[in-house]
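Biologist: I would like to learn how to read the features of a protein model. Could we take them one at a time?

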Amino acid sequence: MDAYDTGSDARQGRNEQGGRGAPDRPDRPDQPDRPDRPDQPDRPDRPDQSDQPDRSDQSDRSDQPDWQDQLDRPDQPNRQDQPDRWEASVGRDGGLGEAGGADTRTVTAAPRQATAAPRTGVSALSPRYQVAAVVALAAVAVAVCAHIGLVFLHVAPSNTLTKQHGEAVDEWVFPEFEQNWKLFAPNPLQQNVSVQVRAEVSTADGAIRTTGWYDLSAEDGRGIDGNPLPSHTQQNELRRAWDFFVATHDSDDRAVGLRGTLSETYLRRIAVLRLDRNDAAGPGGVVERVQYRSRTTNVEPPSWSGEKVSDRPTYRELPWWPVAAREKEGDAA
């Protein structure tokens, strides 16, 4: 067929695949006449590619997929360093153009803002509270280091620091933080020591009577048995007070140094409190003097050792100590 045959009644224009024909289309009155645009080059018909749709409205981007494909493919990574870009032909009426004279514009998408992770811990606080938290942590760290250092000096062998600052170390360690190594010593303690006390009481009619012996160690033992969280007083007060007295007195029960007198005052005060708890003075009675004694028994050795020890208890009685007037007043209060 002749390509220039004008006798055919076939309309030259856009074919069903979107190809471009002659610009004159009188049979479509809804499309206004478009003047020739000098900025658009002439694009002669290409009869060898008539079966392919016209792609004149897009740039030649053979190495990149269509922008619609990029948006519809979730497997593509989101590149924050470069914004998404695509080109589309925009017609004169503002829509994506179908006409051949559409302008080609580049549309740049705004970069996606990354969501910041929420702050936690100290960083979530305001600067004022952050400074307060840092100061509190520093104070706790200094206190812990000072405590560890003082306890180390207490258990360490005698050295220059303990000779110069021994009293300060003892004031910090005793009685709450004392370290007792008898359990791990080469010769561990193999005796049970029970501390007992009695009192001379002046009754309401002016008579003087002596109470029986109160086993204070047994009372503490009954308070500890079956108690998953026994108090520090029940476990250590009486035991440490007696060890303190023995360490600061000679075999004749005479105080050695000022700490010996302090240990007597400590034991006497414990006796007054325990006797008042047991109502030893009775109605209208007043405790005038107290006396301590210790009852020591050997721990029975295991049957396989073959060792023989005496099972008879031994006693150590201390002299009578008068109760000071301020201790009586405090007891009555």
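This is a predicted model: local features need pLDDT of at least 70, side-chain atom pairs count only at pLDDT 80 or more; totals for chains, interfaces and linings use all residues.

Biologist: What is a salt bridge, and how many salt bridges does a search of the whole structure find?

Modeller: Side chains of opposite charge can pair when their charged atoms come close. The rule asks for a side-chain nitrogen of Lys or Arg within 4 Å of a carboxyl oxygen of Asp or Glu. By that rule the whole structure has seven salt bridges. One of them joins Arg-289 and Glu-200, at 2.8 Å from N to O. Arg-289 lies in strand 6 and Glu-200 in strand 3 (residues 191–202), so this pair ties together parts that are 89 residues apart in sequence. Helices (H or I, at least four residues) and strands (E, at least two) are DSSP runs, numbered from the N terminus.

Biologist: Are Arg-289 and Glu-200 buried or exposed?

Modeller: Buried means under 20% relative accessible area, exposed means over 50%, and partly exposed is in between, with a 1.4 Å probe and protein chains only. Arg-289 is partly exposed at 30%, while Glu-200 is buried at 17%.

Biologist: Which residue forms a salt bridge with Asp-220?

Modeller: Arg-274 does, with the closest N and O atoms 3.4 Å apart. Asp-220 is in helix 4 (residues 216–224) and Arg-274 in helix 6, so to speak distant parts of the chain, 54 residues apart. Both Asp-220 and Arg-274 are buried. Salt bridges that share partners join Asp-220, Glu-237 and Arg-274 into one network.

Biologist: Where do Asp-243 and Arg-240 lie?

Modeller: Both lie in helix 5, three residues apart, which is about one turn of the helix. Asp-243 and Arg-240 form a salt bridge, with their closest N and O atoms 2.8 Å apart. Asp-243 is partly exposed at 23% relative accessibility, and Arg-240 is buried at 15%.

Biologist: What about a buried charge: what is the nearest side chain of opposite charge to Glu-264?

Modeller: For charge, Lys and Arg count as positive and Asp and Glu as negative, while His and the chain ends are not counted. Glu-264 lies in helix 6 (residues 258–277). Glu-264 is buried yet has no salt bridge, and the nearest side chain of opposite charge, Arg-268, is 5.1 Å away.

Biologist: With which side chain does Glu-264 make a polar contact?

Modeller: A polar contact is a pair of N or O atoms within 3.5 Å; within protein, one must be able to donate a hydrogen and the other to accept it, and residues adjacent in sequence count only if both atoms are side-chain atoms. The side chain of Glu-264 makes one with the side chain of His-249, at 2.9 Å. Contact in general means heavy atoms within 4.5 Å. Leaving aside neighbours within four places in sequence, Glu-264 is in contact with Phe-245, His-249, Ala-255 and Trp-321.

Biologist: How many aromatic pairs are there?

Modeller: Rings of Phe, Tyr and Trp (its six-membered ring) pair if their centres lie within 6.5 Å; planes under 30 degrees apart count as stacked, over 60 as edge-to-face and the rest as tilted. The count comes to five aromatic pairs. Trp-172 and Phe-177 have ring centres 5.9 Å apart and planes at 25°, so the pair is stacked. Tyr-292 and Trp-321 form a tilted pair, 6.0 Å centre to centre with 55° between the planes. Tyr-292 is buried at 0% relative accessibility, and Trp-321 is buried at 8%. Ring pairs link Trp-242, Phe-245, Tyr-292 and Trp-321 into a cluster.

Biologist: Which residue other than glycine has a positive phi of about 55°?

Modeller: Most residues other than glycine have a negative phi. Asp-279 has a positive phi of about 55°. Asp-279 lies in the loop between helix 6 and strand 6 and is exposed, at 54% relative accessibility.

Note on methods:
Residues are numbered from 1 along each chain as its sequence is written. Side-chain values use heavy atoms; hydrogens and water are left out.
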